[in-house]
Protein chains: 2
Amino acid sequence: MTPDASPPCDPLRHEVLAAVFGVRADAQGFASLHVLVWQRAQAPDAGRWALPGGDLAAGEDVERSMRRHLADKVDLAEVAHLEQLATFSDPARVPGRRVVATAFVGLVPWGVHPSLPADTAWRSLDHLPPTALDHGRIIDRAHERLRGKLSYTNIAFALAQDSFTIASLARIYYAVLGHHVDPTNLQRILARRGMLQRTGGTASPGPAGGRPAAQYAFTTRELRVTDPFAAFRPPDH
Amino acid sequence: MTPDASPPCDPLRHEVLAAVFGVRADAQGFASLHVLVWQRAQAPDAGRWALPGGDLAAGEDVERSMRRHLADKVDLAEVAHLEQLATFSDPARVPGRRVVATAFVGLVPWGVHPSLPADTAWRSLDHLPPTALDHGRIIDRAHERLRGKLSYTNIAFALAQDSFTIASLARIYYAVLGHHVDPTNLQRILARRGMLQRTGGTASPGPAGGRPAAQYAFTTRELRVTDPFAAFRPPDH
């Protein structure tokens, strides 16, 4: 029994939280995975950085609630993908009261710079400041989900611009996966899965000169699992 | 405002539910995906079939709660895999009160036959009786998650026996995916990913005779994403 539990009322509260990621240039100009956080002004954990979110209201489900709270921090039109991650329910995750949190992962594409409230900022996962409550653990789990989905889905569409060179796409994969991805192999894997198409355009060469690089786009901007068994399906599938 | 909302108490309740799947022989003897359900005796939806579960208690997180409630129906030692699926929170999902549900997917291997309470049974997804509340939707989402994970993880270890022939493994894939999977292609894909090993044993030929079939096992019984980018990782990973 918690001290404030008084039947027949259940003191449980339900909140929603979003780990919104984007690959952005860090202070040194390197592409790095960033998360959208705001600095708490009040206890608990005043001064620490927290994920956007808030309480589930009576007439809404968790998805609607998440969009409502997230709209306080960022233009939802600039969030290219939003999916439920998991529910975090350690009885001690918020001191003094029982709060169950359903967390989401959101993605904002490269080159999109939403205007943000004064308390809110993009922070690189390479130099994450102290986070509030269990939000650091939620960020880790969200990062893990994103790494996994880069491997078995086309989710990179929500991190890349509409059209891109293979070299710039490889930098986005590098920022999320944390290890080098060879552009030639990346192109081969994505092409074999039918995930890439040429746009016909080219990128102008950088300061070092060289041949203009071909521009690509994802064939679909809806999340798809790249299914190795799809090849065995009957033709009507 | 719901009619029973009386501040400062929040009437929200949180429950956990599990869609426990197993591939089992159906009434005709065909391998078919089954789900563990129990027949409700009381309103709402008395007589309909429901997923095992119950309320989240004060001192437990959703995983612990799920294991506690599931243990009422089935020996947990026989559940080879249990993972959180998603939280279902439509305000109208349970008539008359606000109940948010965190759902799980559980897997019981082929050939394991847990003893069950009288109100509980395995039912084939091909002939699912009328389900209670939104449990049919939860079963669909759980099935979708399982289909996806068969494609990009080694999760089949939790549906197959410890050792198996490729033909029997292909029947398990067929039961989950709903389309034919060629055993030769299945073996090739799983071998390329390093997921399969020969046990050295053979299965005795069936009534039709023929050569004894080689027995295989999964190389690991821990869930792994089969990552196509793993090949590009530095050697210390």
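**Helix packing in a predicted model**

In chain A, 65% of the contacts with a separation of 6 or more link residues 24 or more positions apart (contact: C-beta atoms, placed from the backbone, within 7 Å). This is a predicted model, where local features need pLDDT of at least 70, side-chain atom pairs count only at pLDDT 80 or more, and totals for chains, interfaces and linings use all residues. Residues are numbered from 1 along each chain as written, with chains lettered from A and ligands numbered from 1 in written order.

Q: How do helix 3 and helix 4 of chain A sit relative to each other?
A: Helices here are DSSP runs of H or I, at least four residues, numbered from the N terminus. The axes (lines fitted to C-alpha atoms over the stretch in contact, angles from 0 to 180 degrees between N-to-C directions) are 9 Å apart, at about 95 degrees. Since 65 to 115 degrees counts that way, helix 3 of chain A is roughly perpendicular to helix 4 of chain A.

Q: Which residues of helix 4 of chain A meet helix 3 of chain A?
A: Helix 3 of chain A brings A:Ile166, A:Ala167, A:Leu169, A:Ala170 and A:Tyr173. Across from them in helix 4 of chain A sit A:Pro183, A:Leu186 and A:Gln187.

Technical notes:
Two residues are in contact if their C-beta atoms, placed from the backbone, lie within 7 Å. Helices (H or I, at least four residues) and strands (E, at least two) are DSSP runs, numbered from the N terminus. Angles under 35 degrees count as roughly parallel, over 145 as roughly antiparallel, 65 to 115 as roughly perpendicular and the rest as oblique.
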